[in-house]
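Thanks for making the time. I have one structure to go through, and I'll keep to what can be read from it.

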Amino acid sequence: MKNCTIGGEFRSGKKSILRNCVIGSGVKIGAKCTLNNCVVMDNAVIGDACTIQNSIVCAAAQVKKGCNLKNCQVTHHVVVEEGSTLKNEIV
């Protein structure tokens, strides 16, 4: 974790890389994830092997395993299905 602000009860899996992120309370990030320039709000869940760049994941949203998001906003309580690739989208 480099240049990150982390909330309470945060959990991250092995080999995950976080750079320039703001992470809320109760967030769960799976193993082998890369997050760069992101905001992840309270109680969001990010599955294993996700790459998320320049994006916002709102409260209680879920990004399932193997997703690739760039310049996106995942709104409250939305589930991004496993293996999705999104660019410049609001979901």
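I'll take the sheet, then the surface patch, the core, and a few loop residues.

Before anything else, note that this is a predicted model.

Start with the sheet. It is open, has 5 strands, and runs in the order E1-E4-E7-E10-E13 with parallel pairing. The edge positions belong to strand E1, residues 5-6, and strand E13, residues 73-74; each has a single partner strand, so one side of each is left without a neighbour in the sheet.

Within that sheet, look at E7 and E10. Strand E7 covers residues 39-40 and strand E10 covers residues 56-57, and the two pair in the parallel sense over 2 bridges. Val 40 is set opposite Val 57 in E10.

Now Val 39, which is also in strand E7. Is Val 39 buried, exposed or partly exposed? Its relative accessibility is 30%, which counts as partly exposed. Leaving out residues up to four places away in sequence, Val 39 touches Val 22, Ser 55, Ile 56 and Val 57. For a distance, Val 39 and Gln 53 are 14 residues apart in sequence, and their C-alpha atoms are 9.7 Å apart in space.

That takes us to the surface. Which residues form the nonpolar patch there? They are Val 22, Val 39, Met 41 and Ile 56, and together they have about 260 Å² of accessible area. Met 41 sits in the loop between E7 and strand E8, which is residues 45-46. Met 41 has a relative accessible area of 31% and is partly exposed.

Next, the interior. In soluble globular proteins, nonpolar side chains tend to be buried together. Here the largest nonpolar core has 23 residues, and those with the most contacts inside it are Ile 29, Leu 35, Ile 46, Ile 52 and Val 63. Take Ile 46 as a case. Beyond its neighbours within four places in sequence, Ile 46 is in contact with Lys 28, Ile 29, Gly 30, Cys 33, Leu 35, Val 40, Ile 52 and Val 63.

Phe 10 is in a loop, the one between E1 and strand E2, residues 11-12. Sequence neighbours within four places aside, the contacts of Phe 10 are Met 1, Leu 18, Ile 23, Val 27 and Ile 29. Phe 10 and Asn 54 are 44 residues apart in sequence and 20 Å apart in space, C-alpha to C-alpha.

Last, Lys 32 and two of the residues around it. Lys 32 is in the loop between strand E5, residues 28-29, and strand E6, residues 34-36. With 57% relative accessibility, Lys 32 counts as exposed. What does Lys 32 contact, leaving aside its neighbours within four places in sequence? The list is Lys 14, Lys 15, Ser 16, Ala 49 and Cys 50.

Lys 15 has a phi near 65 degrees, a positive value in a residue other than glycine. Lys 15 lies in the loop between E2 and strand E3, residues 17-19, and is exposed at a relative accessible area of 69%. Ala 49 is not a glycine either, and its phi is positive at about 60 degrees. Ala 49 belongs to the loop between E8 and strand E9, residues 51-53, and counts as partly exposed at 39% relative accessibility.

That's what I had.

Terms used. Residues are numbered from 1 along each chain as its sequence is written. This is a predicted model: local features need pLDDT of at least 70, side-chain atom pairs count only at pLDDT 80 or more; totals for chains, interfaces and linings use all residues. Side-chain values use heavy atoms; hydrogens and water are left out. Two strands pair if DSSP finds at least two bridges between them. Helices (H or I, at least four residues) and strands (E, at least two) are DSSP runs, numbered from the N terminus. Patches are made of residues with over 30% relative accessible area and no salt bridge: like charges are joined within 9 Å, nonpolar side chains (Val, Leu, Ile, Met, Phe, Trp, Tyr) within 5 Å. Accessible areas come from the Shrake-Rupley method with a 1.4 Å probe; for residues, only the protein chains shown count as cover. A salt bridge is a side-chain nitrogen of Lys or Arg within 4 Å of a carboxyl oxygen of Asp or Glu. Buried means under 20% relative accessible area, exposed over 50%, partly exposed in between (1.4 Å probe, protein chains only). A nonpolar core is a set of buried Ala, Val, Leu, Ile, Met, Phe, Trp, Tyr and Cys residues joined through side-chain atoms within 4.5 Å. Contact means heavy atoms within 4.5 Å.
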